[in-house]
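Trainee: I have a model open and want to learn how to read it. Can we go through it feature by feature?

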Amino acid sequence: MSTTDAPKKPRETDDVPVPATLRKSLKNRHIQLIALGGAIGTGLFYGSSESIALAGPSILLAYLVGGLAIFAIVRALSEMSVEDPKAGAFSYYATRYWSKRAGFISGWNYWFNYILVSMVELSVVGSFVNYWFPAIPTWVSAAVFLVIICAANLLGVSKFGEFEFWFAIIKIVAVIAMIIGGLAVIIFVLPTASGVRASFANWFTVGNGFFPNGLMGQNSDGSWTGLLMALVVVMFSFGGTELIGITAGETEDPKTTIPRATNDIIWRILVFYIGALGVIMAVVPWNTIDGKSSPFVQIFDSVGIHAAAGILNFVCLTAVMSVYNSGLYANSRMLYSLAKQGNAPAYLGKLNSRGVPVAGVLTSAAITAIAVVVVFVWPEFAFNYLMSIATIAGIINWTMIMLTEMKFRKVVAAGGAPEDSELAGLSGQEALDAIHFKLPFAKVTPWVVLAFLALVVVLMCFSTSYRIAVIAGVIWLAILFAAYQITQAKR
């Protein structure tokens with residue numbers, strides 16, 4: 001069923017009875033906050049310690065370079081989403097403009113990736129709950145939040161948008177409060193716990209300067225550090241920003257909303273990553289950030305605000321719920337799209353009267369629940385092997401987006417644009433020039449991004465914790481190729 005011919009309703013709500021079709025109920029404010037919240041997670045609040053330890057203050061450059069790459073990837077996806085807004089985004093586009101095999105691999109790779117990410121998020125939610133209620137078993141917390149988020153997704157896409165809107169607001173307020181608090185410490189020269197005067201000059205004077213570990217170097221224990229190694233950690237902290245493309249099929253006005261949300265990615269990265277970490281390293285000497293607690297807690301502790309740990313625990317709890325909420329939404333729409341392509345069982349392509357792919361929601365939730373059980377029973381297996389696949393699956397996903405964008409342009413130039421697009425009937429350079437939201441320097445940008453992603457994979461091979469992900473990625477792709485051939489043979 002087309003996702004572009006949804007009936008007009010007197011008001012945007014999922015409660016008005018209309019024929020079963022995806023609802024275009026996500027408003028501009030939803031998309032803006034979904035895009036913004038997707039870039040802020042526990043990776044920023046806690047994971048930034050690892051990247052700072054690897055590169056010191058030069059981590060700011062790593063976030064800038066990685067941010068530009070992510071911006072190009074989302075721009076490539078948005079170019080297609082604006083012209084052809086459909087559920088399933090990259091899986092649909094890979095099928096439509098490349099091949100059915102490409103759509104199968106892209107869709108199932110993304111679905112499984114979010115299953116594993118959701119698995120990890122739900123498995124750690126208990127640790128945040130135990131901060132206040134240590135007697136509650138962690139599996140109970142996981143089960144309760146799984147049911148709550150699943151119920152929210154079944155209510156309709158506008159309800160999902162509201163949940164994400166408020167989840168994002170909480171995270172944004174937390175980061176902005178930290179930035180303002182840190183700037184106050186610097187401007188008013190307030191005393192800090194470290195005894196080092198807060199100043200942006202600390203980037204260059206503390207711990208061997210701005211590039212303490214150079215571009216890349218080896219420690220005495222054989223591990224690698226430096227700016228390049230930090231790129232690996234940085235790139236995976238940006239996972240989730242591509243959710244903008246998934247929402248295109250249920251957005252009120254994708255031609256206006258998607259470009260605005262996409263273009264804002266750059267300033268989000270500048271403010272919420274580079275700005276936040278820059279302020280942190282000006283107040284807290286970077287070489288004292290050891291990962292035992294969040295840098296965000298350290299910056300408040302340094303000026304005597306000891307309630308920060310409890311506040312950040314609440315923020316991280318909402319961040320985990322946000323990730324699972326987004327993951328369940330994305331996975332249900334991906335299964336819906338795969339079913340419409342013939343790459344998944346037909347029952348996953350059915351919608352209820354609210355326009356929700358119920359089977360996709362419940363199936364994804366059930367598989368996630370099984371995965372969470374695996375974490376509790378075999379934690380070492382889950383975190384060492386399953387998360388390795390999730391790690392490399394992000395690279396595979398971004399790579400397929402860039403390759404699909406190039407295929408998309410070839411099809412458009414050949415006169416194969418969607419019939420309901422303004423490009424219909426055009427061909428050659430005229431069609432390419434008429435693309436509403438173009439990827440900048442489209443002849444070169446995809447190749448630059450692909451080369452950058454290849455560099456990240458090579459760098460992963462230098463890290464013992466990421467090396468297994470590269471091996472798992474090769475095996476994972478082989479499994480997907482084999483699965484496609486088997487399903488086609490059965491048909």
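Mentor: Start inside, with one residue and its neighbours. Val175 touches Ile40, Leu44, Phe45, Phe272, Ala276 and Phe296, leaving aside residues up to four places away in sequence. Keep in mind that this is a predicted model.

Trainee: Which residues have the most contacts inside the largest nonpolar core?

Mentor: They are Ile59, Val175, Ile246 and Phe296. That core has 161 residues. Helix α5, residues 100-129, gives the largest share of the core, with 15 residues. Note the pair Val175 and Phe296: they touch each other, and both are on the list of residues with the most contacts inside the core.

Trainee: What does the side chain of Ser326 make a polar contact with?

Mentor: The partner is the side chain of Glu164, at 3.0 Å. Ser326 also touches Tyr114, Phe160 and Leu243, again leaving aside residues up to four places away in sequence.

Trainee: On to the surface. Which residues form the nonpolar patch there?

Mentor: Leu61, Leu64, Leu68, Phe211, Trp267, Leu270 and Val271. Together they have about 580 Å² of accessible area. Two elements give two or more residues to the patch: α3 (59-83) and α12 (265-283).

Trainee: Last topic: backbone angles. What should I look for?

Mentor: Most residues other than glycine have a negative phi. Look for the exceptions. Asn208 is not a glycine, yet has a positive phi of about 70 degrees. Phe441 is not a glycine either, and has a positive phi of about 50 degrees.

Trainee: Where are Asn208 and Phe441 found?

Mentor: Asn208 is in the loop between α8 (202-205) and β1 (217-218). Phe441 is in the loop between α17 (428-433) and α18 (445-460).

Trainee: And are they buried or exposed, Asn208 and Phe441?

Mentor: Asn208 is exposed, with a relative accessible area of 69%. Phe441 counts as exposed too, at 71% relative accessibility.

Terms used:
Residues numbered from 1 in each chain as written. Predicted model: local features only at pLDDT ≥ 70, side-chain atom pairs only at ≥ 80, totals over all residues. Heavy atoms only, no water. Patch = residues over 30% accessible without salt bridge, like charges linked within 9 Å, V, L, I, M, F, W, Y side chains within 5 Å. Areas by Shrake-Rupley, 256 points an atom, 1.4 Å probe, with all protein chains shown as cover. Salt bridge = Lys/Arg side-chain N within 4 Å of Asp/Glu carboxyl O. Helix = DSSP H or I, 4+ residues; strand = E, 2+ residues; numbered from the N terminus. Core = buried A, V, L, I, M, F, W, Y, C linked by side-chain atoms within 4.5 Å. Buried < 20%, exposed > 50% of the residue type's maximum accessible area, 1.4 Å probe, protein only. Contact = heavy atoms within 4.5 Å. Polar contact = N/O pair within 3.5 Å; in protein donor to acceptor, adjacent residues only side chain to side chain.
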